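Hi,

Here is the structure I promised to pass on to you. Have a look at it first, and then read on for what turned up in the strands and their pairing.

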Amino acid sequence: MTTKEKNYDLVVVGGGPAGLASAISTLQKLKLSVLVIDGKQTNSERIGESCPPETILLLKQLGVETSFYQGGHTPCPGYASVWGRSDVGYNDFIVSPLGHSWCLNRKQFDLMLANRACQQGAEIAWNTRFLGTEPLSNDDEGHVLNLENTHDKSRYKVKARFVVDASGARARFARALGVGKKIDDRLFAVVRFSEIAAGQASKQVQLEATPDGWWYSTLLPAQRLVTMFVSEKEQLSWLQGDKKKGFEAALQSTTFIARHAEQLLLQNDQFYIWPIYSGLLANIEGSDWMAIGDAASSYDPIVAQGIYKGLSDGILSSQTLLAFFTGQSECRASFSENVIKRYQFYKKSRQQLYIQESRWANHSFWQQRLMTSA
Ligand SMILES: Cc1cc2nc3c(=O)[nH]c(=O)nc-3n(C[C@H](O)[C@H](O)[C@H](O)COP(=O)(O)OP(=O)(O)OC[C@H]3O[C@@H](n4cnc5c(N)ncnc54)[C@H](O)[C@@H]3O)c2cc1C
């Protein structure tokens, strides 16, 4: 079916966890025409894999609990971290009523949500980038969205009565409307995905603080390992040279993660650089649009809450959409208030985490994190 020049009740910009959860949850409540667009292909590499135990409750609400258990995601028993001290501390989920956390196969996870959204009746246009909006005549309601097919570069328009911006931290739709995002902190992650050819990787998430940033490593499904360094741009000048050599040299600043990695035979390394923004959108919703997930509020991955937050926002957004499409906008719960409160709580939790590391109090990375958390 062609999507060209079509009218939809709802267009969701972004087919990540937040956008797909919004489409699923809304279609569970209402029969609407829903288009989800995403600039990426279904099988492109995605970042973010650690999920708290409570995630399963949201997946149940979305009707994907069974497919999730069949999806080959790896149970994770807890954290092993070198943070604020030089020995290893352990934080296991043995006392959590919902059990262990999860390490996701992200491609599989997002595909599972996309399949569910399609089953519920959503149309999904991958390789379709949102470019901007066009003003409507005064007596017309909704939004006209300019889209581009990323394969053949053809452009077309769709019209939506309501738009959900789930386009990730850059909040493409909200920003096209002129809404600003207050960025409290900006970091970079250098990420290495490797295949484990030999050796037994720990199932625990490993975290380690170093003078210029922090490291994270975890076993992924299908015997893959992700290792990531989070730092400031100024500390990453080695990226201009040989990335593999630079990464391995930087990894030597760890005492725990490097030792563990040495026991594994890794192959087919792939490197990615991801920007990380901690920030909150100045205006999270209007009369016929709203921002959810990272578009509304984006977090430092140290708190590992991004996927949970995206799913939760997606589910909550369906209440706003229900009120809008049944003509009861006055009953609309304040989604923004929740997002703002949660962001303030996040900032406190993040500060608590960074405060615990005082060994390099005179190093720029740690000084800046405390300043940006305040
Ligand atoms: C390095 C790093 C590590 C992380 N680790 C974790 C972790 O371990 N656990 C965790 O819970 N979270 C983690 N996160 C955060 C997590 O990835 C995000 O919070 C989560 O993916 C947000 O979901 P979302 O649906 O809001 O946005 P996204 O997952 O970012 O999805 C947005 C979608 O919008 C699409 N899009 C963007 N612009 C356009 C456009 N113009 N047109 C069409 N489509 C567009 C994108 O292609 C993307 O698919 C990490 C983040 C980073 C950067």
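Strand 10 (residues 143-149) and strand 11 run antiparallel and are joined by 6 bridges. Please keep in mind that this is a predicted model. Within this pair, leucine 147 has tyrosine 156 of strand 11 as its bridge partner. The hairpin that the two strands make has 5 residues between them, and lysine 153 takes a positive phi near 65° there.

Strand 11 (residues 155-165) also pairs with strand 1 (residues 7-13), in the parallel sense and over 6 bridges. Here valine 13 stands opposite aspartate 165 in strand 11. Strand 18 (residues 289-291) runs parallel to strand 11 too, joined to it by 3 bridges; in strand 18, methionine 290 is the bridge partner of valine 164.

An open sheet is formed by 8 strands in the order 6-5-13-14-15-12-16-19, with mixed pairing. Strand 6 (89-92) and strand 19 (297-298) stand at its edges; each has a single partner strand, so one side of each lacks a neighbour in the sheet. Helix 9 (residues 335-355) packs on this sheet and touches strand 12, strand 14 (213-220), strand 16 and strand 19. The direction of helix 9 makes about 125° with that of strand 16.

Strand 12 (residues 181-198) pairs with strand 16 (residues 265-281) in the antiparallel sense, over 15 bridges. In this pairing, alanine 198 stands opposite leucine 265 in strand 16.

Best wishes

How values were computed. Residues are numbered from 1 along each chain as its sequence is written. This is a predicted model: local features need pLDDT of at least 70, side-chain atom pairs count only at pLDDT 80 or more; totals for chains, interfaces and linings use all residues. Side-chain values use heavy atoms; hydrogens and water are left out. Two strands pair if DSSP finds at least two bridges between them. Helices (H or I, at least four residues) and strands (E, at least two) are DSSP runs, numbered from the N terminus. Contact means heavy atoms within 4.5 Å. Axes are lines fitted to C-alpha atoms, for helices over the stretch in contact, and angles run from 0 to 180 degrees between N-to-C directions.
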